[in-house]
Amino acid sequence: FIENFAPGFWGAVSFESPLAVNINNSLPGAATPGVLPAGDVVTGLVGGSGGLVASGGNTQTYSLDPVPDVIAKVAWEPGWGHYELYGIGREFRTNVLAAAGPALSGHQTAFAGGIGAGAVLPVIPKMVDLTATVLWGSGIGKYGDAQLSDYTVDAKGRPSPNREITALIGVAAHPAPAWDFYGYWGIEHADSNVFNNTAG
């Protein structure tokens, strides 16, 4: 949904597929060795291959995330340049099947999200543009080019969003209508996310 609130000022909100990127194991529904108590299983972990509903005969490679990702953005064009601010809200969910019985099993959820900003600056109008964008938060790997893992699971099978940052700057030159030259530099980084299992 997009609305032009005033000349040069827009607001928008979108609801996106919540399919998370998770690389704990390639076959969700299998045990996660060395993390969970022996015999426990976490379902709903989407593998790095993208999580097809029936990949290789395994019907647990889909996401259990209960609500869409929500993205909100405002954009401003005051007459020189284009500027944006945006935010993302997400909720992850896993399902723990505990070997000790149903009393220790169940859904585990975690909230995540991030904030970002972007700009396009015509440093030499119609000749040279400078672009920059940054997104910082937790569980935002899906929204970066490298597709870093959104979350891992802790020792009880709960989703634990990874803190991440992605940034990009670039220069585009237009020396003639039929020619464009450009160059970009970027970074994507996720902090470590470590837990002790029941054995310490």
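Analyst: Happy to. First, a term: helices (H or I, at least four residues) and strands (E, at least two) are DSSP runs, numbered from the N terminus. This is a predicted model, in which local features need pLDDT of at least 70 and side-chain atom pairs count only at pLDDT 80 or more, while totals for chains, interfaces and linings use all residues. Residues are numbered from 1 along each chain as its sequence is written, and side-chain values use heavy atoms, with hydrogens and water left out.

The chain has 0 helices and 11 strands, so read from the N terminus on, its elements run β-β-β-β-β-β-β-β-β-β-β. Of its 200 residues, 35% count as buried; buried means under 20% relative accessible area, exposed over 50%, and partly exposed in between (1.4 Å probe, protein chains only).

Now to the empty spaces. Rolling a probe the size of a water molecule over the atoms shows where empty space is left. On a 1 Å grid over the protein atoms alone, a cavity is a set of points where a 1.4 Å probe fits but cannot get out, and a pocket is an open set with protein on both sides within 12 Å along at least five of seven lines; lining residues have an atom within 4 Å of a point. Grid points are joined across faces, edges and corners, and a volume is the space filled by probe spheres set on the points.

The largest pocket has a volume of about 340 Å³. Its lining counts 17 residues, and nearest its centre lie Tyr86, Thr133, Leu135, Tyr143 and Thr166. Two or more lining residues come from each of strand 4, strand 5, strand 7 (128-138), strand 10 (163-176) and strand 11 (179-190). By class, this lining divides into 9 nonpolar, 4 polar and 4 charged residues; here Ala, Val, Leu, Ile, Met, Phe, Trp, Tyr, Cys and Pro count as nonpolar, Asp, Glu, Lys and Arg as charged, and the others, Gly among them, as polar.

His189 is 23 residues from Thr166 in sequence, yet their C-alpha atoms are 6.5 Å apart in space. His189 belongs to strand 11 and counts as partly exposed because its relative accessibility is 38%.

Two loop residues deserve a glance as well. Most residues other than glycine have a negative phi. Gln147, however, has a positive phi near 55°; it sits in the loop between strand 7 and strand 8 (151-153) and is partly exposed, at 41% relative accessibility. Lys126 also has a positive phi, about 65°. Lys126 lies in the loop between strand 6 (106-124) and strand 7, and it counts as exposed because its relative accessible area is 77%.
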